[in-house]
Amino acid sequence: MKKKMFPILIIAAILLAACSKAEEGSQIAEPIAAAVVEGEEIADPADENTAPQDGPFTDADEPCKPFSLMARSLVTPFTGLPPVTEYDLVVGPDDAVVTFLEYSQLTCPACASFEQLLAAIQERYPDDVRLVFRHFLFQDKSFLAAQAMEAAEKQGKFNEFKNYMFDRKAKNPGNPEHANLPDDAFWGSVAEADFDAWLEEYIVELGIKPTQFFKDMYSAEIVEKVQVAADSARSFGFGGTPTWFINGYEWPENKRDIEIFSFYVQLIKNQEKEYGACPPIITQSDKDYSATISTTKGDIVVDLFADITPFAVNSFVFLAQKGWYDGLPFISTDEFALTGDPSDTGYGGAGYAYLDELNADHSFDNAGKLATFSLGPGINGSTFFISKTSMEGQQGRTIFGEVTEGMDVVNALELRENIFNPVIDRILTVTINEN
């Protein structure tokens with residue numbers, strides 16, 4: 001939970017590298033490890049749920065407010081972006097929760113690396129992610145390659161053809177599958193006049209029928225479709241390829257890789273579960289509350305501090321009684337066990353945030369503290385953690401309970417320090433006890 005501990009929420013960033021008109025030969029940067037850091041600035045907002053803050057997001061005057069991290073990141077849809085239709089080149093289900101829409105071209109070096117990321121995210125979430133490919137073309141050979149892609153689509157081979165062409169654009173000495181292929185098996189350096197001959201020789205590997213393929217490739221229908229698509233893309237003034245969008249929003253980050261794409265997919269999926277409003281007050285500060293957190297390793301019993309952290313306890317009790325925590329996974333390290341987020345990223349929540357409730361009488365000097373995992377000042381939600389040891393530097397976190405039984409269960413939870421590691425232990429149920 002200290003800043004140095006945030007590698008449990010690692011996002012391996014790939015520096016943004018776009019293939020521009022002037023620098024079409026640019027290459028994508030190598031992956032760089034970067035951690036999501038506590039207090040990291042969130043994108044500028046547009047309404048109460050997303051308004052920029054000079055101080056804490058919530059306070060005594062507004063102790064609870066609607067809050068969604070995705071609403072703060074994906075603020076305004078890109079104006080004029082055409083909707084996805086049956087004429088688009090699509091991989092994935094029509095009812096996917098997340099759509100990655102890219103403007104790209106086969107002749108762009110950076111696009112090949114980016115395409116691998118998109119293919120990986122769609123493979124990871126086949127039922128939740130849809131990929132849409134649109135043409136953004138700069139020179140004659142890119143137009144021919146786009147027409148060829150559309151011709152492949154006519155034979156139901158768009159995705160196979162696209163992946164094949166990106167793979168076979170240039171020989172990669174580091175790719176063992178390329179080692180035994182002749183240099184002329186790669187089309188990047190093939191002259192425009194010889195492009196059709198190269199296609200005729202190699203597309204049969206994909207089961208494409210050449211005669212029909214070339215008839216379609218040069219048909220008036222496909223030539224016009226590609227030209228219209230290219231004109232449409234240029235009308236937006238995009239800086240280069242690839243340019244991409246997520247659910248109609250321009251990609252808001254300065255990095256891209258399978259992990260950060262996964263974060264967005266999981267957080268967008270979590271929005272369907274969010275309440276979008278603060279819970280009613282169902283607890284009383286003059287009553288004693290405890291909870292039994294039943295897990296795959298056994299039961300953990302905690303006393304809840306309703307008298308000094310009424311909003312944290314009220315939220316916890318409300319969500320527990322609604323079954324919110326049932327089945328949720330643990331992220332567990334040597335220092336803490338964290339849970340409460342259905343997105344399993346540490347950054348999802350129930351759709352609201354409540355104020356910090358700090359008390360000098362409670363600290364992380366000992367193990368067994370039940371505390372909120374806040375995303376920033378006044379941004380506490382459904383995610384909580386239990387400390388396994390004394391923890392320094394946590395004065396800004398709300399301690400709203402303490403373990404009275406079951407620390408052996410907390411310590412027995414299997415280590416899972418990275419959210420992309422398989423889930424081992426989960427909450428089964430949370431039972432609230434009122435005295």
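Okay, let's start on helix H6: Thr-211 and Lys-215 are its exposed residues, on the face turned away from the buried side. Exposed here is over 50% relative accessible area, buried is under 20%, and partly exposed is in between, using a 1.4 Å probe and protein chains only. Helices are DSSP runs of H or I with at least four residues, strands are E runs of at least two, and both are numbered from the N terminus.

Quick housekeeping. This is a predicted model, where local features need pLDDT of at least 70 and side-chain atom pairs count only at pLDDT 80 or more, while totals for chains, interfaces and linings use all residues. Residues are numbered from 1 along each chain as its sequence is written, and side-chain values use heavy atoms, with hydrogens and water left out.

Back to H6, which runs over residues 210–217 and has Phe-213, Phe-214, Asp-216 and Met-217 as its buried residues. Looking down the axis, those buried residues fall within an arc of 160°, so they line one face of the helix. That arc is taken from the directions from the helix axis to the C-beta atoms. As a reminder, an α-helix has 3.6 residues a turn, so residues three or four places apart point the same way. And what do the buried residues of H6 pack against? Helices H3 (140–154), H4 (158–167), H5 (195–202) and H7 (220–235), with contact meaning heavy atoms within 4.5 Å.

Take the contacts between residues at least 6 apart in sequence, and 75% of them join residues at least 24 apart.

Next up, Asn-380. You'll find Asn-380 in the loop between strand E16 (369–372) and strand E17 (384–387). Is Asn-380 buried or exposed? Buried, at a relative accessible area of 1%. Its side chain makes a polar contact of 2.7 Å with the side chain of Thr-372. A polar contact is a pair of N or O atoms within 3.5 Å; within protein, one must be able to donate a hydrogen and the other to accept it, and residues adjacent in sequence count only if both atoms are side-chain atoms. A polar atom of the Asn-380 side chain also sits 3.2 Å from the backbone oxygen of Leu-355. Leaving out residues up to four places away in sequence, Asn-380 touches several others, including Tyr-352, Ser-374 and Thr-398.

Most residues other than glycine have a negative phi, and most peptide bonds are trans. Here, the bond from Thr-241 to Pro-242 is cis, with omega near -5°, and Pro-242 lies in the loop between strand E8 (240–241) and strand E9 (243–246). Asn-247 isn't a glycine, yet its phi is positive, about 55°; its place is the loop between E9 and strand E10 (249–250). Asn-247 is partly exposed, with a relative accessible area of 30%. Asp-344, also not a glycine, has a positive phi of about 60°. Asp-344 sits in the loop between strand E14 (336–339) and strand E15 (352–354), and at 13% relative accessibility Asp-344 counts as buried.

That's the tour, so over to you.
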